[in-house]
Amino acid sequence: MRQGKSLFAPAILKFVSFKLPKALPFLGVAFEKRQSTRYRSGFDIEKLIRAAQKELPPEQLKILLLAVMAGLRRNEIDKLEWPAFRWSDGLIRIEATRYFHRKSEDSLGDVPVDRELLDIFRSFHTRAETSFVVESNVAPRPEATYSHYRCQRHFEELSEWLRAKGVTANMPLHTLRKEFGSQICAKYGIYAASRALRHADIAITSQHYLEPRQRATVGLGRLLLPSR
């Protein structure tokens, strides 16, 4: 309903040439208060990564690592090509390509990653058969008018594995991206997390992606005398 109402916003209607009724759709419609969608972690990420290295086949392992250690979105992983790895700079560059169309201008950018992650993918690179990081028998379809994924089978099988490991959200793969943002926030703060997630607005980061991992207290307890 919110999306429907937004179609009749003044910024949109100025481009509409046909006559509209005086009483616009959704006029006077009150919306319920938004429910909290803030991320809450329900699994041990370190345990999950260790298990993934032992149990997952290479392509699914690549997907998991790119999601949880680089915060990449599903479509970014699906269309990622090896030139995106800037080995000497220690980062992955997300940019528009022949096959990848950005979600927004802000979604493009450089993602710094751990040296150990680069080492693993450098090893994968030596055995690469195509220009794509994640191998698949399905060809890309840049002309598709729907969300087409080369790696759909890998995504589905990885999601089943994640659910078996306790990642029970509706979109397990996206949960890994949220965990990435939450980990960055815990170490470097919300602004660093928002940049790492490549969000256009820090409010998006705060509302949907971050689990508060630190207990904030006023710190004045040291002034109190022991009770008698």
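Visitor: Among contacts between residues at least 6 apart in sequence, what share joins residues at least 24 apart?
Guide: That share is 59%. Contact means heavy atoms within 4.5 Å. This is a predicted model: local features need pLDDT of at least 70, side-chain atom pairs count only at pLDDT 80 or more, and totals for chains, interfaces and linings use all residues. Numbering starts from 1 along each chain as its sequence is written, and side-chain values use heavy atoms, leaving out hydrogens and water.

Visitor: How many helices and strands make up the protein?
Guide: There are 10 helices and 3 strands. Both are DSSP runs, numbered from the N terminus: helices are H or I with at least four residues, strands are E with at least two. From the N terminus on, the order is α-α-α-α-α-β-β-β-α-α-α-α-α.

Visitor: What makes a residue count as buried?
Guide: Its relative accessible area must be under 20%; over 50% is exposed, and in between is partly exposed (1.4 Å probe, protein chains only). Of the 228 residues, 36% count as buried.

Visitor: Why is Gln-60 called buried?
Guide: Gln-60 has 6% relative accessibility. The limit is under 20%, so Gln-60 qualifies. This residue is found in helix α4. Leaving aside residues up to four places away in sequence, Gln-60 touches His-154, Glu-157 and Leu-158.

Visitor: How do you know that the buried residues of α3 are on the same side?
Guide: These residues are Ile-45, Leu-48, Ile-49, Ala-51 and Ala-52, in a helix that spans residues 45-55. Around the axis they cover an arc of only 165°, so they are on the same side of α3. The arc is taken from the directions that run from the helix axis to the C-beta atoms.

Visitor: What do these buried residues pack against, and what does the face turned away carry?
Guide: The buried residues of α3 pack against α4 (58-68), α7 (152-164) and α8 (172-188). The face turned away from them carries Glu-46, Lys-47, Arg-50 and Lys-54, which are exposed.

Visitor: Why is the pair of Tyr-99 and Phe-132 called tilted?
Guide: The whole structure holds 8 aromatic pairs. In one of them, the ring centres of Tyr-99 and Phe-132 are 5.3 Å apart and the planes are at 55°, so the pair is tilted. The rule covers rings of Phe, Tyr and Trp (its six-membered ring): centres within 6.5 Å make a pair, planes under 30 degrees apart count as stacked, over 60 as edge-to-face, and the rest as tilted. Tyr-99 lies in the loop between β2 (91-94) and β3 (109-112), and Phe-132 in the loop between α6 (115-126) and α7, so the pair ties together parts 33 residues apart in sequence. Both Tyr-99 and Phe-132 are buried.

Visitor: What makes the pair of Tyr-149 and Phe-155 edge-to-face?
Guide: Their planes stand at 85°, and their centres are 5.8 Å apart, so the pair is edge-to-face. Phe-155 is buried, with a relative accessible area of 2%.

Visitor: How do you know that the charge of Lys-62 sits over the ring of Phe-124?
Guide: The charged end of Lys-62 is 5.0 Å from the ring centre of Phe-124. The test asks for NZ of Lys or CZ of Arg within 6 Å of the ring centre and within 35 degrees of the ring normal. Arg-74 also lies over a ring, that of Phe-155, at 4.8 Å from the centre. Phe-124 belongs to an aromatic cluster with Trp-82, Phe-85, Trp-87 and Phe-121.

Visitor: Why is Phe-26 called partly exposed?
Guide: Phe-26 has 26% relative accessibility, so it counts as partly exposed. Phe-26 is found in the loop between α2 (10-13) and α3. Its phi is positive, about 75°, although Phe-26 is not a glycine.

Visitor: Is Arg-198 buried or exposed, and how do you know?
Guide: At 5% relative accessibility, Arg-198 counts as buried.
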